[in-house]
Amino acid sequence: MDREKILATLRTAQLGRQFYLLEETTSTFDALKQHPPVHGLTVAARRQTSGVGRRGKNWESPSGGIYFSTLLLPDLSPADAPFITLLCALSVHRALDKRLPCGIKWPNDVVCGGKKVCGILTLANCADNVLKSVSVGMGINANTLSFPDELEGRATSVRLETGKTVDPNKLLCDILYELELCLQGDRAALLEEYKCHCVTLGAQVTAHFPDKEVKGTCTDITPDGCLVLQTKDGQTLTVGSGEVSVRGIYGYV
Ligand code: BTN
């Protein structure tokens, strides 16, 4: 990644206009907090020593990946936060799919051939029933050539899948551009586009609640970003990404 090239390539009005590139940081989420909060503030890093993943897991950040966090100050309510999560995945899908056919595993993993190519973590900051900010963190396996043993068979990269080196500056700019468009787009149309690419729809999954497991088929995604599960005994459950982890499709990718 190269800051000057990124600034010259950006096609956004706001996202990434305040841009910092670090050689190494603990997590780009930590680095984001070091700067005055403006909409679109973005911090990327070549390496993270304590990258954060969903559900408290750590995020391995081998070299060749694109790691960044962007601050959104949306004029929305807390109830909109899950939808922003879906939009993040959709923006990566739009940017990546031109280079590599991929799908979205609900809520926001981008996968290729059953392996994860991008992970996204969105952290919403709400107070007094107002969505103050959303910090979006994305880890894209762009030119990564090898992964730690525990990710063997579960992670892949654009480079490994296509045999070609991706321009990380262009890919990062494309993602920010698509995210900016998605944030301004028509919600119904965006949800339909998301559903078209969502590999979880129609799949058999197990939803893991803190106290129980429920098996079912994913039949829909609600306008607020929840997954609808139809169980064998005819029950319909609506589950939010904060409440459950969904497994069954591609295991734990
Ligand atoms: C996941 O578990 O799938 C989400 C992974 C999110 C990783 C990205 S890398 C950039 C940003 N900084 C972090 O510490 N995490 C996110």
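View 1. Cys173 is buried, with a relative accessible area of 2%; buried means under 20% relative accessible area, exposed over 50%, and partly exposed in between, with a 1.4 Å probe and protein chains only. The model is predicted: local features need pLDDT of at least 70, side-chain atom pairs count only at pLDDT 80 or more, and totals for chains, interfaces and linings use all residues. Residues are numbered from 1 along each chain as its sequence is written, and side-chain values use heavy atoms, with hydrogens and water left out. Cys173 has its place in helix H5; helices (H or I, at least four residues) and strands (E, at least two) are DSSP runs, numbered from the N terminus. Apart from its neighbours within four places in sequence, Cys173 is in contact (heavy atoms within 4.5 Å) with Ile6, Thr9 and Leu10. Between the C-alpha atoms of Cys173 and Leu72, which are 101 residues apart along the chain, the separation is 16 Å.

**View 2. Ser77 and its distance from Cys173.** Ser77 is in the loop between S3 and H3. With a relative accessible area of 31%, Ser77 is partly exposed. From C-alpha to C-alpha, Ser77 and Cys173 are 27 Å apart in space, and they are 96 residues apart in sequence.

**View 3. Asp174 and its partners.** Asp174 also has its place in helix H5 (residues 168-184). Asp174 counts as buried because its relative accessibility is 3%. The side chains of Asp174 and Arg11 are joined by a polar contact of 3.0 Å. A polar contact is a pair of N or O atoms within 3.5 Å; within protein, one must be able to donate a hydrogen and the other to accept it, and residues adjacent in sequence count only if both atoms are side-chain atoms. Neighbours within four places in sequence left aside, the residues in contact with Asp174 are Arg11, Ala95, Lys98 and Arg99.

**View 4. Helix H5 along its length.** The 17 residues of H5 should span 24 Å at 1.5 Å a residue, and the end C-alpha atoms are 25 Å apart, which agrees; the expected span is 1.5 Å times one less than the number of residues. Twelve of the 17 residues of H5 are buried, so the helix is largely enclosed by the rest of the structure. The buried residues include Pro168, Asn169, Leu171, Leu172, Glu178, Glu180 and Cys182. At the start of H5, the backbone nitrogen of Asn169 has a side-chain oxygen of Asp167 within 2.9 Å.

**View 5. Helix H3.** Helix H3 (residues 81-97) has 17 residues, which at 1.5 Å a residue should span 24 Å; the end C-alpha atoms are 24 Å apart, in agreement. Of these 17 residues of H3, 14 are buried, so H3 is largely enclosed by the rest of the structure.

View 6. An N or O atom in the side chain of Ser27 is 2.7 Å from an oxygen atom of the ligand. For Val52, a backbone N or O atom lies 2.7 Å from an oxygen atom of the ligand. A polar side-chain atom of Lys116 is 2.6 Å from an oxygen atom of the ligand. The ligand taken alone exposes 410 Å², and the protein buries 97% of that; accessible areas come from the Shrake-Rupley method with a 1.4 Å probe, and for residues only the protein chains shown count as cover.

**View 7. The loop between S6 and S7.** Asp128 is found in the loop between S6 and S7, and Asn129 lies in that loop between S6 and S7. Phi of Asp128 is positive, near 50 degrees, and phi of Asn129 is positive, about 60 degrees. Most residues other than glycine have a negative phi. Asp128 is exposed, with a relative accessible area of 71%; Asn129 is exposed, with a relative accessible area of 67%.

**View 8. The cis peptide bond at Pro107.** Trp106 and Pro107 are joined by a cis peptide bond, with omega about 0 degrees. Pro107 lies in the loop between strand S4 (103-105) and strand S5 (109-112).
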